[in-house]
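Have a look at the picture, then try each task before reading on.

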Amino acid sequence: MKIIGTGRSHPSLVVTNEMLSQFLDTNDEWITTRTGIKERRIISSENLVDLAIDAAKKALSDANMDAKDLDYIICANVVNEYITPAMSCLIQGAIGATCPCFDLNGACVGFIYALEIAESFYRSGKYKNILIVCAEEPSRMVDWHDRSCSVLFGDGAAAAVLTEGDNIKATKMSASCNWDRLYQKHELQYSPYNSKPNSNLPLVMHGQDVFMFATRASIRDINSVMKQAGYTSDQVDHFLIHQANIRIINNIKQFVKQPDEKFPLNIQKYGNTSSASVPILLDEVNKEGRLKRGDIIVMSAFGAGFVSGACILEW
């Protein structure tokens, strides 16, 4: 397949490091030097599904495609206001599509998971036009009195429209169960016959372990897709890396030995927006006119599970 349209949507509330320092034991220098984040967008008056719908409409407009021409919708999402219906169904109805749809929880790798699924669907011969929407609200999962996690995340949504083509050159997905290093428990209501206690615990992350995994996994995945597709790092025009931590991105940059201009950044504005991170960055560089037809793009992401993934495609 190939990507023919992109779109993104952000909450209106900008939360700066200085604002967090008013109720957290932290400051702008502490956060910036450790993460590269200066501010993030947090949902206040909006609903996540509305951001998802907005991003989807923008991507369809960019692709010059009517929603009724879609054959499938895939929505990547970790947590939202609904258990059912799926967010993809809500998006489908709101944009006027009539195609089947489903949600997936691939954590921060959701967009790359969805790309691989879309490519497989296309190769099956059943579907031609597929919409991917990534909508995330990590602010719902963190303890806002814990500076180790709350300063890292932001909310947002992004979308991409794909159609027939031969532009996705290679993908690499992996998973390694290590839930005790990064997990989030929901409040569970058990039956009278179940003696398990209720729990309502926020996201917990062992930062150093996650950092080491993310760096190793991303380097491995990037190397794998370049090898599969027959490209060297010198032939890659853009590396779109999950915007989780500037130190991870810098480590990856050192590995591929490529200049800063090949690594667009927006972590300073949005923080870690989970699966929306890579497509938000993709839409940003697309709308800024930084992508040229024929450019080679490597995408890499990593997240809870642990899961990781990368793909290489031609623009």
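**Exercise 1.** With which side chain does the side chain of glutamate 288 make a polar contact?

*Solution.* Before starting, note that this is a predicted model, where local features need pLDDT of at least 70, side-chain atom pairs count only at pLDDT 80 or more, and totals for chains, interfaces and linings use all residues. Residues are numbered from 1 along each chain as its sequence is written, and side-chain values use heavy atoms, with hydrogens and water left out.

Step 1: find glutamate 288 in the loop between H10 and strand S12 (296-303). Step 2: look for a polar contact (a pair of N or O atoms within 3.5 Å, one able to donate a hydrogen and the other to accept it; neighbours in sequence count only if both atoms are side-chain atoms). The partner is the side chain of arginine 290, at 3.2 Å.

**Exercise 2.** Is threonine 273 buried or exposed?

*Solution.* Step 1: go to the loop between helix H9 (267-270) and helix H10 (277-287). Step 2: check its relative accessible area, which is 2%, so threonine 273 is buried (under 20%; exposed is over 50%, partly exposed in between, with a 1.4 Å probe and protein chains only). Step 3: list what threonine 273 touches (heavy atoms within 4.5 Å): Glu136, Gly154, Asp155, Gly156 and Ile280, leaving aside residues up to four places away in sequence.

**Exercise 3.** Which elements do the buried residues of H3 pack against?

*Solution.* Step 1: pick out the buried residues of H3, among them Leu48, Val49 and Leu51. Step 2: follow their contacts to strand S1 (2-9), helix H4 (87-95), strand S6 (130-136) and strand S7 (156-163).

Terms used
Helix = DSSP H or I, 4+ residues; strand = E, 2+ residues; numbered from the N terminus.
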